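Please read them with the sequence and the structure open.

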Amino acid sequence: LRRVFPKISPSIICWCILSICVVPLSFASYQRNFIWKDEITLWADVVRKSPLKARGHNNLGFAYFKIGQIDEAIARYKTAISLDSGRVSPDIIKALNNLGIAYVQQNNIKEAIMEYNTAIMLKPDDASAYSNLGYAYLKQDRIDEAIMEYNTAIKLKPGDAGIHNDLGLAYKKKGRIDESIEEFKNSLRLNSGFAEAHNNLGISYAEHGWMDEAIEEFSTALRLKPDYVNAFNNLNIAYRKNELKERKP
């Protein structure tokens, strides 16, 4: 007897072949999406595949830092540093700075200063390390040393609005209000949308008694950042002080 097979249309054959190809690809895509669902799983996967590379550990540490898991972040930064120990690389400098920042978050200022100084020793032209060191000194009320470190950072990176703003804060804490105003203005020349610098400039204006100028800066800060609570409070205080000044005979 002759066996008869049903005819299958070419379109059905194409669909079958396509399904065979798509299913494995879909599964692989699902696996990638699972791995990349957040930064921690992404960088944990990188570390698992390349455990001897500092970059993965450093980035995994930063992912932990951003969600407030500081101890885990510190452990990863230390691993990154140990892997690149004995040689100067961008990864070890980043890890040293990041480790210092994590220590500051824990209020371990002494340890943070040690990490920043190590970064400076390895890379004397790293502006971030000087700026971070300045902030650590400021936390210890070592204001003159903070000012010196910020000025060094600015010489290395004059176009960084954040460093100018931080130097302004150091000058303000020292009582050098005119110099703080100049630095906040320098920051805003570089980044006119920097809400924090507008707020800080407003505070320095207010300390000078220039309430109209202060109100303008606080208002600008709020326009740029509507949920900026400090600027909102400062603006209300400035309005009240202005009203009291106008009521005086």
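1. An angle over 145 degrees between two axes counts as roughly antiparallel, with angles taken between N-to-C directions and running from 0 to 180 degrees. The model under discussion is a predicted one.

2. The helix pair α9 and α10 is a case in point. Helix α10 covers residues 177–190, and α9 covers 161–174. Their axes lie 8 Å apart and the packing angle is about 165°, so α9 and α10 are roughly antiparallel to each other. The two helices cross in a left-handed sense.

3. On the α9 side, the residues that meet α10 are A161, H164, N165, L167, G168, L169, Y171 and K172. On the α10 side they are I177, E179, S180, E183, F184, N186, S187 and L190. By class, this contact of α9 with α10 holds seven nonpolar, six polar and three charged residues.

4. Helix α2 (residues 39–49) and helix α3 (residues 54–66) have axes that come within 9 Å and cross at roughly 160°. The angle therefore makes α2 roughly antiparallel to α3. The crossing in which α2 passes α3 is left-handed.

5. The α2 part of that contact consists of E39, I40, W43, A44, V46 and V47, while α3 contributes R55, G56, H57, N59, L60, A63, Y64 and K66. Eight nonpolar, three polar and three charged residues make up the contact of α2 with α3.

6. Helix α6 (residues 109–122) packs with α7 at an angle of about 155°, and their axes are 9 Å apart. For that reason α6 is roughly antiparallel to α7. Here too the crossing is described as left-handed, with α6 passing α7.

7. In α6 the residues involved are I109, I113, Y116, N117, A119 and I120; they meet A129, Y130, N132, L133, A136, Y137 and K139 in α7. The contact of α6 with α7 divides into ten nonpolar residues, two polar and one charged.

8. What volume of space lies in the largest pocket? The value is about 230 Å³. The lining of the largest pocket has 15 residues, and the closest to the pocket centre are I101, S128, S131, N132 and D166.

9. Which helices each supply at least two residues of the lining of the largest pocket? They are α5 (90–105), α7 (127–139) and α9 (161–174). The largest share, five residues, comes from α7. By class, the lining divides into seven nonpolar, five polar and three charged residues.

Notes: Residues are numbered from 1 along each chain as its sequence is written. This is a predicted model: local features need pLDDT of at least 70, side-chain atom pairs count only at pLDDT 80 or more; totals for chains, interfaces and linings use all residues. Side-chain values use heavy atoms; hydrogens and water are left out. Helices (H or I, at least four residues) and strands (E, at least two) are DSSP runs, numbered from the N terminus. Angles under 35 degrees count as roughly parallel, over 145 as roughly antiparallel, 65 to 115 as roughly perpendicular and the rest as oblique. A crossing is left-handed if the near helix is turned anticlockwise from the far one by less than a right angle, and right-handed if clockwise. Contact means heavy atoms within 4.5 Å. Ala, Val, Leu, Ile, Met, Phe, Trp, Tyr, Cys and Pro count as nonpolar, Asp, Glu, Lys and Arg as charged, and the others, Gly among them, as polar. On a 1 Å grid over the protein atoms alone, a cavity is a set of points where a 1.4 Å probe fits but cannot get out, and a pocket is an open set with protein on both sides within 12 Å along at least five of seven lines; lining residues have an atom within 4 Å of a point. Grid points are joined across faces, edges and corners, and a volume is the space filled by probe spheres set on the points.
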